[in-house]
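Student: I'd like to take a close look at one part of this model. Could you walk me through it slowly, and then show how it sits with the rest?

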Amino acid sequence: MKYTRLVSLGIFLIILGIWEAACRSFEVPDFILPVPSEIVMITITKWSVLLPHAGITALEILLGIGISLLISVPLATIMFARPSVEQALSPFLVASQAVPVFALAPLLVVWLGYGIASKVLMAAIIIFFPITVSLLEGYKNCEYEYAMFFRLMGAGFWKTLRLLYWPWALPYFFAGLKVGVSVATIGAVIGEWVGAQKGLGYLMIQSNARLRVDMVFAAILWLSAMGLCMWAFVGFMERRVIRWK
Amino acid sequence: MLDISEITKKFDGLTVLNRFNLSVPRNGFTALVGPSGCGKSTFFDVLTGVVPKDSGTIYWLGKNLPSLGRKAAYMQQKDLLLPWFSLMNNALLPVKISNQINKASREKAQELFGRLGLDGFENYTPQQVSGGMRQRCALVRTLMFEHELVLLDEPLSALDAITRRSLQSLLVLLQSEFKKTILMITHDVEEALVLADEVLVLTNPPMRIRERFSLRGNKPRQRSDPELIRIREHILDELQSELTDEVY
């Protein structure tokens, strides 16, 4: 494990080295492609510029996750409890993912304004699908013998849900949540690109217009770090909650 | 007593049970042995209501019931312990589900843990203990049901021979000490002869009783008893002929 991580780090450093060397040898202008060392410097030294924007984007993502959880968990549960509801809603669920988020972003900005509401909703739309589908799959994956045993013990649906289906589906739920938080940044940033007054997406658009490509890269690095932190936090929670795995 | 009369069940034209009859006296121990696929498990599914019967009646203690679903405790080959619960919480599941968990039920479970050699393992999870201990915990859970009737579906078949023997003595306790009425399915003819008061040999579908053996003596019976060995060989011959009938 340690060895493979070292290999990954080694490959990453080699790519950065080639990038640095190529930019310096061919004298590539900063406004086209800045050198990695300069991007790292900007990422650290300009923290006071990046932090407020990152805070807004993080807030949008976290609210998006919260809203999608509020929708996904009951929705997956109802779909599991009532297969007819699943049959009725499945086409809409799939359609919601078939429509590109880029297509929805302008509409949401028009309807909800330039504030964080439209970005929160964008993030929620992206996150809710993997969580809903994973949780539903987890419920369905419960072994028939266990479900039948609960039935024979006289357990009703809600008691079976609490004692059997929900714990059974938790690994699936966390898998969906991991995917959700990984892609949540996409929704928030797209929303900020279309129309915003703050956020890392907004900072990227502004910096790009001023040919500050180094700042665009710095924002991307901050976004990646945010995504990684959220992914790691979900992983930590998963290990805390699912102790039996 | 448990009185099953004229039970019929068909699946897509295949008659698995055709007017099948069976009686188990109160506090009796009846074992069903039969060739694979003869319909034993379907019979249990019909009894528990997992699959509906086409016709027939099920009487338990004089009451006509559509199924024994909530009147019987059920234990099967798979222990069905929940990995997210401790052994104690697994054992308490029936009382948790019926909202009857209290100090008395905890004390009862604790006492059963002691009786079945699980003392000190209450807070262990199922994946931390051996297969035999898991099955003993499943047995405690079965006893926590407080149902007089117990249906055992090959409860020990997943265990190794030594563990199985030690648990067979515990199954005897179900009847002798806890006064349960037991109906057991098993593939192990010797197990049936060692534990049951009556052993019924079943035929291929449509399942019927080919032969019945009433047994006496203290249980678990001695495996080396010549009479037991004779009956075992006879039953195995019969089951083998059932298989031959199926092949030809």
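Student: How many helices and how many strands does chain A have?

Tutor: Chain A has 10 helices and 0 strands. Keep in mind as we go that this is a predicted model. Reading along the sequence, you get α-α-α-α-α-α-α-α-α-α for chain A. Its C-alpha trace spans about 75 × 50 × 30 Å along the principal axes.

Now jump to α6(A), which runs over residues 116-140 and has 25 residues. From first C-alpha to last, α6(A) reaches 36 Å, close to the 36 Å expected at 1.5 Å a residue. Still, there's a kink to look at: α6(A) bends by about 30 degrees at Ile127(A). A proline, Pro130(A), follows within four residues of that bend.

What about charges around that helix? Glu86(A) forms a salt bridge with Lys140(A), and the closest N and O atoms are 2.8 Å apart. Glu86(A) belongs to helix α4 (residues 83-98) of chain A and Lys140(A) to helix α6 of chain A, so this pair ties together parts that are 54 residues apart in sequence. Over all chains, a search of the whole structure finds 21 salt bridges.

That brings us to where chain A meets its partner. The rule finds 2 salt bridges across the interface of chain B and chain A. One salt bridge to check has Glu143(A) on one side and Lys78(B) on the other, with the closest N and O atoms 2.3 Å apart. In polar contact, there are 8 residue pairs across the interface of chain B and chain A, both residues being at pLDDT 80 or more.

Which pieces of chain B do the touching? β6 (72-76) and α3 (93-97) of chain B each supply at least two residues of the side that touches chain A. Of the elements there, α3(B) gives the most, with 4 residues. Sorted by class, the side of chain B that touches chain A has 12 nonpolar, 6 polar and 4 charged residues.

In total, the contact takes 22 residues from chain B and 18 residues from chain A. The two chains bury about 2,000 Å² between them, 69% of it on carbon and sulfur atoms. Leu80(B), Trp84(B) and Ile97(B) supply 35% of the area that chain B buries against chain A, more than any other three residues.

While you're in chain B, have a look at its backbone too. Arg19(B), in strand β2 (residues 14-24) of chain B, has a positive phi of about 50 degrees although it is not a glycine. Two cis peptide bonds are worth a click as well. The bond from Pro205(B) to Pro206(B) is cis, with omega near -5 degrees, and Pro206(B) is found in the loop between β9 (198-202) and β10 (209-214) of chain B. Another cis bond joins Lys219(B) and Pro220(B), with omega about -5 degrees. Pro220(B) lies in the loop between β10 and α8 (226-247) of chain B.

Definitions and conventions
Residues numbered from 1 in each chain as written. Chains lettered and ligands numbered in written order. Predicted model: local features only at pLDDT ≥ 70, side-chain atom pairs only at ≥ 80, totals over all residues. Heavy atoms only, no water. Contact = heavy atoms within 4.5 Å. Buried area = accessible area lost by both parts, 1.4 Å probe. Salt bridge = Lys/Arg side-chain N within 4 Å of Asp/Glu carboxyl O. Polar contact = N/O pair within 3.5 Å; in protein donor to acceptor, adjacent residues only side chain to side chain. Nonpolar A, V, L, I, M, F, W, Y, C, P; charged D, E, K, R; others polar. Expected span 1.5 Å × (residues − 1). Bend = angle between axes of the 7 residues up to and from the residue.
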